[in-house]
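Here are a few notes to read alongside the structure. Have it open as you go through the points.

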Amino acid sequence: MHSLPAVHRLLSDPQIEPFEALLGRASVKSAIAVELDLARCADELPENAVVRDRIRERLERQHSQGLLEVINGTGVLLHTNLGRAPLAASALDAAAQIGRGYSNLEFDLESGARGSRYGRLTALVQATTGGQDALVVNNCAAAVLLILDTFAKGREVIVSRNQLIEIGGGFRLPDVLERSGAKLVEVGATNKVYLRDFERALSPQTALLLRSHASNYRISGFTQDVEPSELAALGKRAGIPSVEDLGSGALIDLEQFGLPHERTVLDAIREGIDLIAFSGDKLLGGPQAGIIVGRSTLIARLRNNPLLRALRVDKLTIASLSETLRLYAAGRQALRAIPLYRMLSHSLDDLRTRGNRYAEILNAPEHSSGHAEHSSCHAELVEASSYIGGGCLPEVAIPSLAVAIADSHPTKRAAWLRANRPAIISRIEAGKVLLDLRTIAPEEDAAVIAALR
Ligand SMILES: *Cc1c(COP(=O)(O)O)cnc(C)c1O
């Protein structure tokens with residue numbers, strides 16, 4: 001019986017070596033390691049040339065493919081690293097249909113003249129949020145930037161000290177404020193802020209009263225905060241717009257999914273906040289976008305800001321976002337078409353039925369007996385906690401079930417699963433590789449089971 005080729009030989013193989021310049025040495029090394037591992041585990045050791053070809057093919061795939069489809073077994077529903085919200089099938093269809101050919105993106109079919117890119121979306125946002133007017137840009141960060149640039153350049157923005165947040169990807173509210181040319185006026189103490197703190201900070205230079213949603217942290221204990229409605233009322237008295245960076249932007253009450261109440265866009269509008277910015281790909285379950293709703297006079301000023309040209313959304317976003325919003329307008333039943341809400345609606349019984357199927361197939365005797373030394377792929381169903389992610393309800397664990405694989409090298413098995421195509425992302429807990437069934441679509445079960453076998 002021959003032995004497998006050495007790593008350094010493979011690295012200098014003329015068919016493999018060129019990939020170093022394209023993908024970097026670390027990627028080439030890891031592709032070699034994965035294929036050598038696979039070769040070692042095969043029933044019969046493959047020929048060296050076969051191993052080399054497989055490595056080359058793996059590297060070619062890595063080089064030719066940009067974004068790769070991934071199966072999310074982490075249990076985090078809005079996983080920013082995994083692309084946040086999966087889209088509804090009809091939202092994707094809408095994007096495909098518009099993307100395939102030409103559209104009336106900026107063309108008025110009645111008059112035959114130039115039309116508005118944003119008109120259709122505006123009506124849908126109005127219908128689903130109750131806001132007077134709306135504008136859509138690239139993401140929520142862009143929405144905040146546009147608002148600050150429009151109203152607060154060279155002027156003052158009052159923010160409570162306990163809301164000077166940093167969210168994922170290094171988006172720090174104080175830094176964005178500074179870059180937009182606004183002057184930050186911090187009020188209150190870290191744990192306590194009163195309306196009178198805002199009142200005292202008002203000056204002729206005040207442009208905005210800003211609040212941001214404490215999406216990814218909590219201040220607990222001896223605390224005092226200003227209610228959004230109080231802030232909005234103060235703004236009205238002082239003639240200064242109140243703005244909320246809502247981040248997650250739920251349009252429906254999450255209580256219907258057994259979750260705590262998460263402040264919705266409609267709440268913010270009802271409480272009188274003048275401008276609200278939120279993301280399209282968080283709790284809305286749509287494409288990446290930043291949606292601004294609020295008073296029409298203020299939205300009109302945003303629309304006239306030349307910066308909007310640099311932050312505008314493309315036709316694919318408009319098509320898929322419109323369709324996602326249409327699902328909200330169509331009522332509760334239609335919401336199940338949005339993957340986020342479908343995942344939240346899975347009952348533990350549904351998950352258990354699917355999980356039992358995993359165990360049944362993976363633990364079947366014909367499977368484990370042929371690989372006596374790899375019988376470590378024994379699957380059991382364990383209780384797990386899913387999380388919404390995307391900075392929403394960070395402390396709320398959603399009861400879920402996971403397929404757990406006990407393994408003496410859990411990190412290695414997790415790497416194997418990531419090397420699968422489609423890649424499968426697991427999480428490791430107490431030495432076991434866990435695949436949370438809530439974030440794995442039932443249609444993906446077969447692929448996950450095949451990879452585990
Ligand atoms: C997520 C979030 C943002 C940024 O949203 P993007 O759409 O990713 O730009 C801004 N503010 C808050 C409070 C957030 O939670």
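1. Start with what the buried residues of H10 pack against: helix H9 (195–201), E8 and E9. Keep in mind that this is a predicted model.

2. Which residues of helix H10 (residues 228–238) are buried? They are Pro228, Leu231, Ala232, Leu234 and Gly235. These residues sit on the same side of H10 because they cover an arc of only 160 degrees around the axis. As a reminder, an α-helix has 3.6 residues a turn, so residues three or four places apart point the same way.

3. Have a look at what comes just after H10, too: Gly239 takes a positive phi there, of about 70 degrees.

4. Now for the sheet. It is an open one made of 7 strands, and reading across you get E3-E11-E10-E9-E8-E4-E7, with mixed pairing. Strand E3 (133–137) and strand E7 (183–187) are the edge strands, each pairing on one side only. From one strand to the next, the twist averages 25 degrees.

5. Leu275 is a handy place to look, as it stands opposite Gly294 in E11.

6. Two helices lie across strands of this sheet. Helix H6 (residues 119–129) lies across E3 and E11, and runs at about 120 degrees to E3. Helix H7 (residues 140–151) lies across E3, strand E4 (156–160), strand E8 (206–212), strand E9 (242–247), E10 and E11. Relative to E10, helix H7 runs at about 155 degrees.

Definitions and conventions. Residues numbered from 1 in each chain as written. Predicted model: local features only at pLDDT ≥ 70, side-chain atom pairs only at ≥ 80, totals over all residues. Heavy atoms only, no water. Pairing = 2+ DSSP bridges. Helix = DSSP H or I, 4+ residues; strand = E, 2+ residues; numbered from the N terminus. Axes fitted to C-alpha atoms, helices over the stretch in contact; angles between N-to-C directions. Contact = heavy atoms within 4.5 Å. Buried < 20%, exposed > 50% of the residue type's maximum accessible area, 1.4 Å probe, protein only. Arc of directions from axis to C-beta.
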